[in-house]
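Opening the notebook on a new model today.

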Amino acid sequence: MQIKKDFLKVAGLVCLSFTLQGCFDSYPKSGKFEGNHFISSKYVAKSSNIFKVTPAMFADWKALEAELNDISTLTEPQLLDLRNKFVDSKYVDLNARNSNLLADANFDLESIIDAEYQESQDNINKMKQALISIQPRFDELQAKKQRANDAKMKLDNIRSDIQQREDKLLNEFNQHNEKVVNVFKKFGPNDIGVATIPTTVIERASPYKVYEYRKPSAKSCREYMIENNRFDVKRFEAYIYSKRVTVQNKTFCPVFKTLGQTLEQQKQLFASLSETEKDLIRSAASSYAIYRKEKIALDTERNSVNRNNPALVLESRSFDFAEKHELNKLERTTQQGKDYIAKASAVTKETIKKDKLTLLASQLERAKQYYLYGKLLKNIEQESTIQPDGTFNLPSGSDFYIVKVGGDKAPHNMLFALLRMEQFKNKERVDLKADEFFKFSQLSDIKL
């Protein structure tokens, strides 16, 4: 009985001793990755690494990541110092081979600024020389274009003068005819035997006719027209005649055919008009005759402008399409050259430095993930890799592990997972699932 009590006592002490040493609360030494249709075990096995990490190591890395949170706010000395740190990283070097600000081993900001400023000045001088070289041809084409435009303007002025003369004659008739319209406002459709309002007929200028004296005659228009229309004397006697007019060396008789469907209506309307009203009609008939006959001559003159001015026509057509295209090109080139000179002349060493520092900050921002990735690898120790069957070993017994999947060239293409061994205490193995992975950019959000 005493022996049993002694055994239980000793066993209790041993158990307590093991408990204090953590022997019964141990971490598993292996694990298994369970893939899915997005991330398979075979894919993970090709490029996976498991690193052990301590809270202190990870805190140091997160502190560095926080310092680089906004590179654009750094001063010039800070940017240059950070640049020197970045170029020492092999991961940054792999990404920045096309950037002279990061990849150039002999980087010197002041030398870059001096060289770019000198290049800008050289380009300004080259552009000025280029503009000087094209100026003679530019001036030649400009002068030729101006001569052609001047000739066109002279031809246009001739046509414009013809049109102004025609418009003046038409305007004179319209002014006279407007007075005749007012005269006929007192008549209605019944007075002329048609459905149309008399004033509308007058506005259309339908009653106005022009007859030519076919042979010399001293007779008035009325006498001449009645004599030459013996079979309709009564009707022609009811018309209103103006004095004959001479246009372009020809004599014409202006006639106003009195409105009315029948001879009786014409006679009644004629009799109801006062002599003053008839004079208004005669004036309108004369201006109509002059306008109609002068217009014929003006149309002929208008159509003969080119034929009567061959030298102007030839000059107006001297600037052809090819030369127009060439001049347009020279104008664009000249303007672009002047714009370039104006813009380049505003460039100073100070503006170049500002642009270079802005560009450097931008390139450092893009290279930041590579630098941080390199620093991360220095802060953690590799433990093992995941095998094709998904198994992996964790022999060190660390509290935390970081699992990385992907190559070493592009951190943004890598996937990471955090193993908190406290979660797997006293378990047979660590189970790692595909949905536990996250992007490199999310790594800094992790808390150990």
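This is a predicted model: local features need pLDDT of at least 70, side-chain atom pairs count only at pLDDT 80 or more; totals for chains, interfaces and linings use all residues.

Below are my entries, in the order I looked things up.

Entry 1: I started with an open sheet of five strands, ordered β7-β2-β9-β10-β12 with antiparallel pairing. I then checked the edges, which are β7 (381-384) and β12 (438-439), each pairing on one side only.

**Entry 2: strand β9.** I went to β9 (residues 400-405) next and looked at its two partners. Six bridges join β9 to β10, and the two run antiparallel. The β2 and β9 pair is antiparallel too, over six bridges.

I wrote down a few of the facing residues. Tyr401 has Leu419 in β10 as its bridge partner, and Phe400 stands opposite Arg420 in β10.

Are the residues of β9 buried or exposed? I found six of its six residues buried, so the strand is mostly covered, with buried meaning under 20% relative accessible area. In a regular strand the side chains alternate between the two faces of the sheet. I see Phe400, Ile402 and Lys404 pointing one way from β9, with Tyr401, Val403 and Val405 pointing the other way. Lys404 is buried along with the others.

**Entry 3: a helix on the sheet.** I looked for what lies across these strands and found α3 (55-67). This helix lies across β2 (48-53), β7 and β9, and runs at about 105° to β2.

**Entry 4: the pocket.** α3 turned up again here. I got about 190 Å³ of space in the largest pocket. Both α3 and α16 (349-379) supply at least two residues of its lining. Which helix gives the most to the lining? It is α16, with four residues.

The lining includes Trp61, Glu65, Glu365, Lys368, Pro411, His412 and Phe440. By class, I have the lining residues as four nonpolar, four polar and four charged.

**Entry 5: positive phi.** Most residues other than glycine have a negative phi, so I went looking for exceptions. Gln248 has a phi near 55° and sits in the loop between β5 (245-247) and β6 (250-256). Asn426 is not a glycine either, yet its phi is positive at about 65°. I placed Asn426 in the loop between β10 (415-420) and β11 (430-433).

How accessible is Asn426? I have Asn426 at 42% relative accessibility, so it counts as partly exposed.

How values were computed: Residues are numbered from 1 along each chain as its sequence is written. Side-chain values use heavy atoms; hydrogens and water are left out. On a 1 Å grid over the protein atoms alone, a cavity is a set of points where a 1.4 Å probe fits but cannot get out, and a pocket is an open set with protein on both sides within 12 Å along at least five of seven lines; lining residues have an atom within 4 Å of a point. Grid points are joined across faces, edges and corners, and a volume is the space filled by probe spheres set on the points. Ala, Val, Leu, Ile, Met, Phe, Trp, Tyr, Cys and Pro count as nonpolar, Asp, Glu, Lys and Arg as charged, and the others, Gly among them, as polar. Buried means under 20% relative accessible area, exposed over 50%, partly exposed in between (1.4 Å probe, protein chains only). Two strands pair if DSSP finds at least two bridges between them. Contact means heavy atoms within 4.5 Å. Axes are lines fitted to C-alpha atoms, for helices over the stretch in contact, and angles run from 0 to 180 degrees between N-to-C directions.
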